[in-house]
Amino acid sequence: MTKTWNNRAWFMVLPVLLLVAFSAVIPLMTVVNYSVQDTFGNNVFFWAGTEWYQDVLSSDRFWNAMGRNLAFSAIILAIEIPLGIFIALNMPRKGWGVPICLVLMALPLLIPWNVVGTIWQVFGRIDIGLLGRTLAAMGIDYNYVNDPFDAWVTVIVMDVWHWTSLVVLLSYAGLVSIPDAYYQAARIDGASRWAIFRYIQLPKMNRVLLIAVLLRFMDSFMIYTEPFVVTGGGPGNTTTFLSIDLVKLAIGEFNLGEAAAMSIIYFLIILLLSWVFYTVMTNAGSEK
Amino acid sequence: MARIDLEHIRHSYGARPQSDADWALKEVHHTFKDGSAYALLGPSGCGKTTLLNIISGLLHPTEGRLLFDGNDVSTLSTQERNIAQVFQFPVIYDTMTVYDNLAFPLRNRGVAERDVDRRVREILEMIDLSDWAKRRARGLTADQKQKISLGRGLVRSDVNAILFDEPLTVIDPHMKWVLRSQLKLLHGRFGHTMIYVTHDQTEALSFADDVVVMYEGEVVQIGTPDELFERPKHTFVGYFIGSPGMNVLPVSVEGAQARFGGTAITLPGKPRTPMGGAIELGIRPEFVRLGREGMPVQITKVEDIGRHKIVRARLQDHEIAAIVREDEDVPAEPHVAFVPEKINIYAGSWRVAFEGESERTAA
């Protein structure tokens, strides 16, 4: 069989190439450009090499923010994934309850992120907030503005409130796709509730859970809007996550070179961790 | 192993059944003998799976009682009934090994690990999967998976019955034969009561001691493959079993003779009861003789299917099929005659017994 070679066929990929170039590659390249140069204003730039990268990687500020970020992601994953699965398991499979549950679950996902922040910012205030005043009335010393621990609790509870639904909906989709025969066979085999979960439901939810973990990890690792609105990164720097720190650096301090270097490092870390997650989770369930 | 009695079982999927059509299962009253192999045969939607699920306890009948060895189990759950069921699509526990899959029903029942091991090895041997014991069940072929499903039933030595719900649907044709003969073998060896749902007559006739033919939510006939073939109790059984199905012709009956058009046909005897409804004569294509004697026909088609030929012809205004040997010639002026002993007479689609016939088929 002879094949026709025509190099002009490469033009067919041009539209996609252009699209990706303008939406991703070119903006990224400008960041790369900033990250290797220094400026004193007047649009005059000097070659700085890897200096900014060295600065970022050797600064405590960066590693502290990174630590907070990893802790935050770990905590919300540890809460949201089990909680989401638990709620999905207890949602009705048929009848009038299904649409009600689905709408209720979808609601938090439909609210704009800064509005979520505002809701919780007001909700938690000790002078006018429902939560803040109730806790105060119960004699609990709660103040997310002054107390780092309270600030963390608030941000975490907010994220759980906002995003557990996503895990619920994904898990639910995985659950309803399991054919009835599996449950019937399990009943005939005398399987306990736990065994059904462990050997039927969990393996069948494997794929959707992978997606849920990936999405939740990436989102939480890049979190910005909600904690920014609620705590502004405070008290002190205790809720300053990488993205908040990045914005402070770039816009607050106008330190473009260091901010650009940090962006690149940040991006590579997310890419790397996502890849690790994906590889681990896809291999975990496979043969051998 | 147990005898299974169905006492006036009726089932409706709707809440308040009003008319006859609301019943997915119209009254079934029957006993499955201990240690026999039964096939529930019928077209899709005839209620056979409903009946099976009632026996296994996945469904609870709207009316009637179910007895295992004389004990009422109607209200018991599936676990408590202690039955095994193999489904249409193989159900396996993906993440477990083949060995653990088979051990699962025993471990769930708290059987000691030493006995589990003994039983599982025995069953692995029997279903030819010993070499696969340590493999994860996920990567197996459909027929291996179905063997595991079956094995999970066999592994419990005390099951009351093993139920099969069209278990060979997703199996490749050449493996169907293998699995079916293996199943027969296992039945012979263990003597479990087995009930096998299928819409495939070959499967039913080759598997079962007794075949239960169902049609529109009713059991129309229960019998050995021979009985179903020779004396179909309902014209539906005649059509459904056999290939091609039974020829059915409208006739009138006087004494021991039937009259079709202007021709008199000798019957094996005098029909016993006075008959209401439309009277029909049923004769299997295997017992239609093509020759120079009898009623003249016009041949419309001859299908050569190997060992024999199917001759399709017009007899007055009716289609009729006859099976002739491959080497037999079709005469130039063809006539058909019926083997008298093989004729059945139907009134309102139900068979009418002849005088002097044994009671066996009237069951």
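Of the 363 residues in chain B, 51% are buried (under 20% relative accessible area with a 1.4 Å probe, protein chains only). The model is predicted: local features need pLDDT of at least 70, side-chain atom pairs count only at pLDDT 80 or more, and totals for chains, interfaces and linings use all residues. Residues are numbered from 1 along each chain as its sequence is written, chains are lettered from A and ligands numbered from 1 in the order in which they are written, and side-chain values use heavy atoms, without hydrogens and water.

Chain B holds nine helices and 23 strands (DSSP runs, numbered from the N terminus: H or I of at least four residues for helices, E of at least two for strands). Its C-alpha atoms fill a box of roughly 75 × 50 × 35 Å along the principal axes.

## An open antiparallel sheet

In chain B, four strands form an open sheet in the order β2-β1-β4-β5, with antiparallel pairing (two strands pair if DSSP finds at least two bridges between them). Because β2 (25-32) and β5 (71-72) of chain B are at the edges with a single partner strand each, one side of each is left without a neighbour in the sheet.

Strands β1 (residues 4-11) and β4 (residues 63-68) of chain B run antiparallel and are joined by five bridges. B:L6 has B:L66 in β4(B) as its bridge partner.

## Helix packing

Helix α1 (residues 48-56) of chain B lies across β1, β2 and β4 of chain B, running at about 125° to β1(B). Axes are lines fitted to C-alpha atoms, for helices over the stretch in contact (heavy atoms within 4.5 Å), and angles run from 0 to 180 degrees between N-to-C directions.

Definitions and conventions
Buried means under 20% relative accessible area, exposed over 50%, partly exposed in between (1.4 Å probe, protein chains only).
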